[in-house]
Amino acid sequence: MTNQERIAQLKAYKLKEKFLVEDLEDYEDVPPPTQTVIRMRKEVDRFTDFLIKRLEKNVDNIQEQTQQFFKDWDNEEFTQEETEFIVEVEYEAMRMAGVKADDLLI
C-alpha cells in the first residue's frame, strides 16, 4: 500500500465516530459521551494527525517515531482504563499507517 493510500485511509478514519456508547460498556470506569470522551476522541485524532504527517514526509523510521510519541505522551489527564481504551482505538490507525503496534512498548 502506498503512503498516499495510507493517508487517505487515516483521513477517513478521523471521520469515523469513536468511543460509541456500546463500545464504552466494556469499560466500567469510562463514562458515557461527556467531556472525557470528547478529550479521548481528540487524543486519537491528534495521534492520527501525527501518523499522517509522518507519512506525508515519507519518513523511513515511522516505527521508531511512533515509539517516541508514546514515550513522550503526557496522558495524566486520563485514567489508566481511559488510556488503555485510547491505545486500543489507536491500534487501528497504527495498522493503517503500517506501524507494527505489537512491537511497541506502550
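1. Of the 106 residues in the protein chain, 41% are buried (under 20% relative accessible area, with exposed over 50% and partly exposed in between; 1.4 Å probe, protein chains only). The model is predicted, so local features need pLDDT of at least 70 and side-chain atom pairs count only at pLDDT 80 or more, while totals for chains, interfaces and linings use all residues. Residues are numbered from 1 along each chain as its sequence is written, and side-chain values use heavy atoms, with hydrogens and water left out.

2. The mean pLDDT (the predictor's confidence in each residue, from 0 to 100) is 88 for the protein chain, and 87% of its residues reach 70 or more. Confidence is lowest in helix H2 (residues 21-24), at a mean of 58, and highest in H4, at 96.

3. The protein chain has five helices and zero strands (DSSP runs numbered from the N terminus: helices are H or I, at least four residues; strands are E, at least two).

4. Glutamate 82 lies in helix H5. Glutamate 82 is buried but has no salt bridge (a side-chain nitrogen of Lys or Arg within 4 Å of a carboxyl oxygen of Asp or Glu). The nearest side chain of opposite charge (Lys and Arg count as positive, Asp and Glu as negative; His and the chain ends are not counted) is arginine 39, 5.2 Å away. A polar atom of the glutamate 82 side chain lies 2.8 Å from the backbone nitrogen of threonine 79.

Key
A polar contact is a pair of N or O atoms within 3.5 Å; within protein, one must be able to donate a hydrogen and the other to accept it, and residues adjacent in sequence count only if both atoms are side-chain atoms.
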